[in-house]
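Thanks for coming, everyone. Please bring the model up on your screens, and we will walk through it together.

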Amino acid sequence: MKLSTLFLFFSCFFAQQDSKIYFQNPSFEDTPRESASPISWESLTDNSTPDILPGPWGVKFAPQHGKTCLGLVTRADGTREDVSQLLNQPLKAGKCYTFSIYLAHAPAYVGYNQPLRIRIWGGSSRGGKDVLLYSSPLIDHSDWKKYDVEFMLRSDVQYITFEAYFAPGVLFFYKGNILIDNCSPIERCDRA
């Protein structure tokens, strides 16, 4: 009896210590192809057709981690691509969270060649964009760079969405691309 109680205590202790929230398929691994969301990711936005790279559209850009990465574009008509997923546990209001993501820009992407930024949204429903969690600077570098994302929540979030978006302050829409790879687990910030 003592042994099982001790085991239960340590199991609960270590479960509380590892309070990370893991993305499903954080490196967007899947068979390279155009107009498809990687396994465990989906897009519910009209005209959103992400690409699993390298290979499609002649993009030969090597992933940062694993065998594939995700490519998202924007178009001159203002449409933009995104992907989202249900988190394995909700993010709670009043808490600070952090994770990292690798971003890059492909210099040649069948005419979708201008640099973009990524916007990260939290939602309470599938594909929801209820609260903007993060907006990156313009990603105009063609090498992979790690970006740290930190945000404080005012309401609970169950879904997360990565959306390609135009440069800050731009007055017109344009054809651009952003590449995403290797998301770390989401963790609580030290300050909250």
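First, a term. Helices (H or I, at least four residues) and strands (E, at least two) are DSSP runs, numbered from the N terminus. With that, the order from the N terminus is α-β-β-β-β-β-β-β-β-β-β-β. That makes one helix and eleven strands in the chain.

Two notes on where this comes from. This is a predicted model, where local features need pLDDT of at least 70, side-chain atom pairs count only at pLDDT 80 or more, and totals for chains, interfaces and linings use all residues. Residues are numbered from 1 along each chain as its sequence is written, and side-chain values use heavy atoms, with hydrogens and water left out.

Now the overall picture. Buried means under 20% relative accessible area, exposed means over 50%, and partly exposed is in between, with a 1.4 Å probe and protein chains only. Of the 192 residues in the chain, 45% are buried. Contact means heavy atoms within 4.5 Å. Take the contacts with a separation of 6 or more: 74% of them are between residues 24 or more positions apart.

On to the strands. Two strands pair if DSSP finds at least two bridges between them. Start with β2, residues 69-74. Six of its six residues are buried, so β2 is largely enclosed by the rest of the structure. In a regular strand the side chains alternate between the two faces of the sheet. In β2, Cys69, Gly71 and Val73 lie on one side, Leu70, Leu72 and Thr74 on the other, and all are buried. Cysteine 69 itself has a relative accessible area of 0%.

What does β2 pair with? One partner is β1, residues 51-53, antiparallel, through three bridges. There, aspartate 51 stands opposite glycine 71. Another partner is β10, residues 176-181, also antiparallel, over five bridges. Here threonine 74 faces glycine 176.

Next, β6. Seven of its seven residues are buried, so β6 is also largely enclosed by the rest of the structure. Arg117, Arg119, Trp121 and Gly123 point one way, Ile118, Ile120 and Gly122 the other. Seven bridges join β6 to β9, antiparallel. Isoleucine 120 sits opposite phenylalanine 162 in that pairing. Four bridges join β6 to β7, again antiparallel. Glycine 122 has valine 131 in β7 as its bridge partner.

Now the cores. A nonpolar core is a set of buried Ala, Val, Leu, Ile, Met, Phe, Trp, Tyr and Cys residues joined through side-chain atoms within 4.5 Å. The largest one has 35 residues, and Phe99 and Phe162 touch the most other members. Several strands give two or more residues to this core, including β2, β4, β6 and β10. Which strand gives the most? It is β9, with five residues. Another core lies apart from it, with eleven residues, among them Leu53, Cys69, Val73 and Ala106.

Look closely at phenylalanine 99. Beyond its neighbours within four places in sequence, its contacts include Phe23, Ile120, Phe162 and Ile186.

Rings next. Rings of Phe, Tyr and Trp (its six-membered ring) pair if their centres lie within 6.5 Å; planes under 30 degrees apart count as stacked, over 60 as edge-to-face and the rest as tilted. The count comes to 13 aromatic pairs. Phenylalanine 166 and phenylalanine 173 have ring centres 4.9 Å apart and planes at 40°, so that pair is tilted. Phenylalanine 166 and tyrosine 174 have centres 5.3 Å apart and planes at 70°, so that pair is edge-to-face. Phenylalanine 166 is buried at 1% relative accessibility, whereas phenylalanine 173 is partly exposed at 46%. Phe23, Phe28, Trp41, Phe99 and Phe162 form one aromatic cluster.

Some rings carry a charge above them. The rule: NZ of Lys or CZ of Arg within 6 Å of the ring centre and within 35 degrees of the ring normal. Arginine 119 lies over the face of tyrosine 165, 3.5 Å from the ring centre. Lysine 175 has its charged end over the ring of tyrosine 112, 4.9 Å from its centre.

Last, the disulfide. The term covers a pair of cysteine sulfur atoms within 2.5 Å. There is one in the structure. It joins cysteine 96 to cysteine 189, S to S 2.1 Å. Cysteine 96 is in β4 and cysteine 189 in the segment after β11, 93 residues apart. The S-S torsion is about -65°, so the disulfide is left-handed. Both cysteine 96 and cysteine 189 are buried.
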